[in-house]
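Reader: Hello! Please pick one part of this model and walk me through it closely, with the cut-offs behind each term, as I like to know how such values are defined.

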Amino acid sequence: MAQRKSAKLTHSTVLKHILKRCSSLGKKHLGYDDDGLPLDVPKGHFAVYVGENRSRYIIPISFLSHPEFQSLLRRAEEEFGFDHDMGLTIPCEEVVFRSLTSTLR
């Protein structure tokens, strides 16, 4: 059991790191608070950019616990990495993303 709990903790730490790096990107601009977080994103949510046009979606943090969404995050890391100024970009078509997120709610 200790090994399984350790793996879960590591996974949780990785997800928090992803959110921290991609939600604010450590920048302070107009529309961001003193911590570098976007003012238009409610607590418990984060912004992602999806599709060819990079449409912005605000989604709940609870999505991070779903295996389907975690798969999208892995694809995003492989394709774009997390060390860039584009925000968290999800590599899939908008219609697919909307369909997936509607089943996660």
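Author: Happy to! Let's start with the pairing of β1 and β2: these strands run antiparallel and are joined by 6 bridges. Strands here are DSSP runs of E with at least two residues, helices are runs of H or I with at least four, and both are numbered from the N terminus. Two strands count as paired if DSSP finds at least two bridges between them. Please keep in mind that this is a predicted model, in which local features need pLDDT of at least 70 and side-chain atom pairs count only at pLDDT 80 or more, while totals for chains, interfaces and linings use all residues. Residues are numbered from 1 along each chain as its sequence is written, and side-chain values use heavy atoms, with hydrogens and water left out.

His45 stands opposite Pro60 in β2, Phe46 faces Ile59 in β2, and Val50 has Ser55 of β2 as its bridge partner. The hairpin has 4 residues between its strands, and Gly51 there takes a positive phi near 85°. Arg54 lies in the loop between β1 (45–50) and β2 (55–60); its phi is also positive, near 55°, in a residue other than glycine. With a relative accessibility of 36%, Arg54 counts as partly exposed, since buried means under 20% relative accessible area, exposed means over 50%, and partly exposed is in between (1.4 Å probe, protein chains only).

Next comes the other neighbour of β1. β1 and β3 pair in the parallel sense over 2 bridges, and Tyr49 stands opposite Thr89 in β3. Put together, 3 strands form an open sheet of mixed pairing, in the order β2-β1-β3. Its edge strands are β2 and β3 (89–90), each of which pairs on one side only. α3 packs on this sheet and touches β1, β2 and β3, its direction making about 10° with that of β2. A contact is a pair of heavy atoms within 4.5 Å; axes are lines fitted to C-alpha atoms, for helices over the stretch in contact, and angles run from 0 to 180 degrees between N-to-C directions.

Leaving out residues up to four places away in sequence, Ile90 touches Val48, Tyr49, Val50, Gly51, Phe69, Leu72, Leu73 and Phe97. Leu73 is 17 residues from Ile90 in sequence, yet their C-alpha atoms are 7.0 Å apart.

That brings us to α2. Phe69, Gln70, Leu72, Leu73 and Ala76 of α2 are buried. Seen down the axis, these buried residues fall within an arc of 155°, so they line one face of the helix; the arc is that of the directions from the helix axis to the C-beta atoms. Exposed on the other side of α2 are Pro67, Glu78 and Glu79. Just after α2, Gly81 has a positive phi of about 75°.

Finally, α2 and α3 (residues 94–104) pack at an angle of about 145°, with their axes 10 Å apart. Glu68, Phe69 and Leu72 in α2 meet Phe97, Leu100 and Leu104 in α3. The residues of this contact divide into 5 nonpolar, no polar and 1 charged, where Ala, Val, Leu, Ile, Met, Phe, Trp, Tyr, Cys and Pro count as nonpolar, Asp, Glu, Lys and Arg as charged, and the others, Gly among them, as polar.

To place this part in the chain: there are 3 helices and 3 strands, following the pattern α-β-β-α-β-α along the sequence.
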